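Please open the model in your viewer and keep the selection panel at hand. The tour below moves from selection to selection.

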Amino acid sequence: MRSAVTGPQLPNPDGRVARFELDARGALQLLQQHFGDELNGVHIGFATAPTGAGESEQPLFYSVDRAARTIILFRMPIQRARGLHVEDAEHRRLFVEHCVHRAVCEYLGRNPWDVLPGRFDHF
């Protein structure tokens, strides 16, 4: 139940769309800090469902179009993906970040383990 002070007209800050965009933008921000020159001018957007356009290894989760310099992440398939070994908010967030990471790696033409080397060595 929403507070009477905020009213029903304000969007839920923990809704599916807002949570997806917040998690995806956080991952994108990290990658843009490390690859700002290579990602400069690349339009990265969000769509609800796949369109079938672009050239991608994972066309259900994202679309990469190098000619148009765009990466589109598809919210609904990413959020509804099955197969997480633990079904909780943290693992769903990590899967969103994983999809962002894979899309940017594919756009850059790099292997995922070559991007941000050493960042996860302490695990």
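Buried here means under 20% relative accessible area, exposed means over 50%, and partly exposed lies in between (1.4 Å probe, protein chains only). The model is predicted, so local features need pLDDT of at least 70 and side-chain atom pairs count only at pLDDT 80 or more, while totals for chains, interfaces and linings use all residues. Residues are numbered from 1 along each chain as its sequence is written, and side-chain values use heavy atoms, with hydrogens and water left out.

Select Phe 20 first, which counts as buried because its relative accessibility is 2%. Phe 20 lies in helix H1 (residues 16-34) and Phe 46 in strand S1 (residues 43-47), so the pair ties together parts 26 residues apart in sequence; helices (H or I, at least four residues) and strands (E, at least two) are DSSP runs, numbered from the N terminus.

Next, select Phe 61 and Phe 95, another edge-to-face pair, with 5.5 Å centre to centre and 85° between the planes. Phe 61 sits in the loop between S1 and strand S2 (62-65), and Phe 95 in helix H4 (residues 89-108), 34 residues apart. Both Phe 61 and Phe 95 are buried.

Finally, display the strands: an open sheet of three has the order S1-S3-S2, with mixed pairing, where two strands pair if DSSP finds at least two bridges between them.

Technical notes:
Rings of Phe, Tyr and Trp (its six-membered ring) pair if their centres lie within 6.5 Å; planes under 30 degrees apart count as stacked, over 60 as edge-to-face and the rest as tilted.
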